[in-house]
Structure formats: C-alpha cells, structure tokens
Amino acid sequence: MKLGMVQLVFVLTVVASLWGCVTRLPALIDPQDVTGGLVVGRVTTALTGDRSRRFSPAVRFVEIEDQVFHKRFQVEINSPDRHFVVHLPSGQYRLTRVQISEGPFMSMADVAMTFPIDATAMTYVGTWRFGVDVPHYGRRLMVSVIADQAEREKAQEFLDVQYSTLKGSSMVEMLPQPTEVEARLYEVMPYPRYPRYFRRHWW
C-alpha cells in the first residue's frame, strides 16, 4: 500500500513538473533553423496616462500556450519595439501572459487572446500593442492587435532582409481574438534594493 502511494505521488509530481514546463524561444529563429512555416509578428509598447516617467516600458517576454496539449512557449522580446519570427507546431494557441520591464522594475499581466497556427504556412499575427498604465494601485494593461497595410508591409520588409530565403513568401493572416483586451498589471518580486517607501508594490 505504501509503495503504491509512493508511486502515485511520484507520477503526480512528474506530471505537475511537465505541465509547468515552458519552452523558451528567442524572438528571432536562426535562419539556418528555418525548415517550415513560421509565425511572424511585432510587439510594441506605449504609455497611457502620465508620460513623464523615469523608466520607459519594454516587453520582456510574451507567453503562448497550446490549448490542446497545454504546452507553453515563452518568446523572449526584451525590447519596447521588436519583430518576432518563431516556429510553432500546428494548433490552436492562446496568448496568456506578458511581462513588462521598467528599468529595475517588472510587472506581469494575464490575458486571453486566441489564434490558430498552421505549421506548413507563414502565419502573420499582426502587431501586438501593449499600452502600459502609469504606476499606481490597480494599474491596467491595454492590449490591442493592429494589422493594417502599413504594418503588414513592415513585417514583409523585415522578413525579406532578415530571412533572404523567404523573400516574396506569402503570409496567411491569423489575428488573435479578441483584438482588444484590458488586464490588471501586477508587480513582480523581488524588488531592487530600494527603501520600502519607494517600492511601487506598496502604492
């Protein structure tokens, strides 16, 4: 009986650890690793509210989850404005989380925007714009998806320069839905070694 319980605990532990695993992806796939369809998009940040801030926001990473197998992918952005080109297996995905950095401070928001991926095609997911509210209790993150002609042309030009072998390749547009969401932005610990008075977590 005890052995069976130990085995059950072991299995549950392994399952839990696998469930929580995240595959980290660089924002740009190595041109030598391009073997099939790619996901192409752009991430930008914008200030909302008071714009006189000491630290400008940047997106540290976005997290995408396969809705069937629950495998999570963390795309490392580390920029206020950057195109990303990654490979994802075919499936139905959801943008679930974004982390924002502002100087030494970090914050996180949970979102829910879904989109399909066909790994045999070049999938364009638009420009993901993250509007970052001024630091205060209950601050918000406004997320919107832009896919006008100008943004699509920028993405095509970026691909032509960065991945010459893909020059002229057509893209299938699959925009995350809904195209606009608003979420609570939470501070992420640990903080830099600032006196308690200056820690924004207490605001």
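These are my notebook entries on a predicted model.

**Ground rules.** I number residues from 1 along each chain as its sequence is written, and my side-chain values use heavy atoms, with hydrogens and water left out.

**Sheet.** I looked up the strands first, taking helices (H or I, at least four residues) and strands (E, at least two) as DSSP runs numbered from the N terminus. I count two strands as paired if DSSP finds at least two bridges between them. I found an open sheet of six strands in the order E1-E4-E3-E6-E7-E12, with mixed pairing. Its edge strands are E1 (22–26) and E12 (186–187), each of which pairs on one side only. Strand E6 (residues 91–102) runs antiparallel to E7, and eleven bridges join the two. I checked Gln-99 and found its bridge partner in E7 to be Met-108.

**Core.** Next I looked for nonpolar cores, meaning sets of buried Ala, Val, Leu, Ile, Met, Phe, Trp, Tyr and Cys residues joined through side-chain atoms within 4.5 Å. I call a residue buried under 20% relative accessible area, exposed over 50%, and partly exposed in between (1.4 Å probe, protein chains only). The largest nonpolar core has 32 residues, of which Phe-84, Trp-128 and Phe-130 touch the most other members. Strand E7 (residues 105–117) gives the most to this core, with five residues. A second, separate core has eleven residues, including Tyr-124, Ala-155, Leu-166 and Met-171.

I listed contacts (heavy atoms within 4.5 Å). Not counting residues up to four places away in sequence, Trp-128 touches Phe-84, Leu-95, Phe-115 and Pro-176, among others. I placed Phe-130 in strand E8; at 0% relative accessibility, Phe-130 counts as buried. With neighbours within four places left aside, its contacts include Val-43, Val-59, Val-98 and Leu-141. Val-98 is 32 residues from Phe-130 along the chain, and their C-alpha atoms are separated by 9.1 Å.

**Helix H2.** Which residues of H2 are buried? I found Glu-151, Ala-155 and Leu-159. Seen down the axis, the buried residues of H2 fall within an arc of 80 degrees, so they line one face of the helix; the arc is that of the directions from the helix axis to the C-beta atoms. On the other side of H2, Gln-149, Glu-157 and Val-161 are exposed. The buried residues of H2 pack against strands E2 (39–47), E5 (81–86), E8 (123–132) and E9 (140–146).

**Backbone.** Last, I went through the backbone angles. A cis peptide bond joins Gln-177 and Pro-178, with omega about -5 degrees. Pro-178 lies in the loop between strand E10 (172–173) and strand E11 (180–184). His-70 is not a glycine, yet has a positive phi of about 60 degrees. I placed His-70 in the loop between strand E3 (57–66) and strand E4 (72–79); His-70 is partly exposed, with a relative accessible area of 28%. Asn-78, also not a glycine, has a positive phi of about 50 degrees. I found Asn-78 in strand E4.

Conventions: This is a predicted model: local features need pLDDT of at least 70, side-chain atom pairs count only at pLDDT 80 or more; totals for chains, interfaces and linings use all residues.
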